[in-house]
Amino acid sequence: MSGEAVLIPDDRAFSNFKNECNSADGWTLTYNKSGISVWIQILEEEKSLHKIKCQMVCKDVPTETMYDVLHDTEYRRKWDSNVIETFDIGKLTVNADVGYYSWKCPKPLKNRDVITLRSWLPMGRDYIIMNYSVKHAKYPPKKDMVRAVSIQTGYLIQSNGPNTCTLTYLAQVDPRGSLPKWVVNKSSQFLAPKAMKKINKACLKYPEWKQRHSPGYKPWLYPEQNQLASIPMSELSVQHAESLENIDESSLSEAKDERGEGSDEEGAN
C-alpha cells in the first residue's frame, strides 16, 4: 500500500472538471457526426496514454434521466454490452463510494478492470459524476485481467431545456500497456461514438424499465436508501500505474471479427 492519502473531491475539483469538459484548449477534433463530437489529447505517444473527450446532444432525454442511467448499476448490466462485472464495494460519504468495473477490450487485447472512488454532485440543473483509481487490499489485480488506472474519468450532464441535455464524457485512463496505434484510432473513431449512442438509447428505455424495477429506489438521490457498508478511508490508497504490471500489446493486430461495426441493438429489458 502506498502512503498517499485518498481525497474525496471538493467543490473546486468538480469546477475544474467542468471547466475542462467545456474547454477547447489542447484538444484535437477526431470525429464529428450526427450530433456526436470526439476530441483527443495524446499525452505520451510511446505509452498510448491519452485523454479522450466525447460530447453528445441528447434530444428527448432530460438531465435527470441521464443522471439516473449513469448511476444505476443494475441497469448498466442490461444495456452496457462491454461490461463483464460491476458492483459497489462500499460508501464513503453521501456522495462518494468505491466500486469495481471490468470491461471487454477489442480482441486480441486482454480485458481490463478498475477499482475507483466515484463521487457526484448536482450543480443547479447540471450534474457531474467522476472517478479516479484507488487500491483496496480485498480487491487485488486478477490474473486474467489487466488492472487499468483511471487518472480522472467522468461525465458532465448539462441541461438544454426540459427534455434535452448535453452529455460530455472525459477520460484520462492509463491502460497499463503499450497499445497498438489502431486501438487509439478505433476508440476515437468508432468505440466512443458507439458508446455514446448506446447511452442515449438506454436513456430512452430507462423510464419504462425503472417502472418495473424498484421505481422508488435511487440511492444516488436519496442517501438514506443506501445499504452499502461504510469503508474507512484508511483501507484505501491512490492507485499509481507504476506499481502495476505493464504489458506490451503494441504488436497485436486487430482481430478480423472485431473490424466490422457489428450490431448496435443491445437489449435493455
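A: Let's start with the term you will need at once: a salt bridge is a side-chain nitrogen of Lys or Arg within 4 Å of a carboxyl oxygen of Asp or Glu. Please keep in mind that this is a predicted model, in which local features need pLDDT of at least 70 and side-chain atom pairs count only at pLDDT 80 or more, while totals for chains, interfaces and linings use all residues. Residues are numbered from 1 along each chain as its sequence is written, and side-chain values use heavy atoms, with hydrogens and water left out.

Now for the setting. The protein has 269 residues, and 51% of them count as buried (under 20% relative accessible area; over 50% is exposed and in between is partly exposed, using a 1.4 Å probe and protein chains only). It contains four helices and 13 strands (DSSP runs numbered from the N terminus, with helices being H or I of at least four residues and strands E of at least two).

Here are the charged pairs. The structure holds nine salt bridges, and three of these deserve a visit. Look for Glu-85 and Lys-142, whose closest N and O atoms are 3.4 Å apart in their salt bridge. This pair links distant parts of the chain, since Glu-85 sits in strand β4 (residues 83-93) and Lys-142 in the loop between β7 and β8 (146-147), 57 residues apart. Glu-85 is partly exposed, with a relative accessible area of 34%, and Lys-142 is partly exposed with a value of 34%.

Next, find Arg-125, which forms a salt bridge with Glu-64, with 3.3 Å between the closest N and O atoms. Arg-125 belongs to the loop between β6 (112-123) and β7, and Glu-64 to helix α2, so this pair ties together parts that are 61 residues apart in sequence. Arg-125 is partly exposed at 40% relative accessible area, and Glu-64 counts as partly exposed at 32%.

A search of the whole structure finds eight aromatic pairs (rings of Phe, Tyr and Trp, taking the six-membered ring of Trp, with centres within 6.5 Å; planes under 30 degrees apart are stacked, over 60 edge-to-face and the rest tilted). In one of them, the rings of Phe-87 and Tyr-100 have centres 5.0 Å apart and planes at 20°, so the pair is stacked. Phe-87 is in strand β4 and Tyr-100 in strand β5 (residues 96-103), 13 residues apart, and the pair links distant parts of the chain. Phe-87 is partly exposed at 22% relative accessibility, whereas Tyr-100 is buried at 3%. Tyr-206 and Trp-209 form another stacked pair, 6.0 Å from centre to centre with 25° between the planes. Because they are three residues apart in helix α4, about one helical turn separates Tyr-206 and Trp-209. Tyr-206 is buried, with a relative accessible area of 3%, and Trp-209 is buried too, with 1%. Ring pairs join Tyr-75, Tyr-206 and Trp-209 into a cluster.

The largest one has 31 residues, of which Met-66, Leu-70, Ile-157, Leu-167 and Ile-199 touch the most other members (a nonpolar core is a set of buried Ala, Val, Leu, Ile, Met, Phe, Trp, Tyr and Cys residues joined through side-chain atoms within 4.5 Å). The elements giving two or more residues to this core include α2 (63-71), α3 (73-79), β7 (126-136) and α4 (181-211). Helix α4 supplies the largest share of this core, seven residues. Take Ile-157 as an example: leaving aside neighbours within four places in sequence, its contacts (heavy atoms within 4.5 Å) include Met-66, Leu-70, Leu-167 and Arg-125. Another core, of 14 residues, lies apart from the largest one, and Tyr-100 is among its members.
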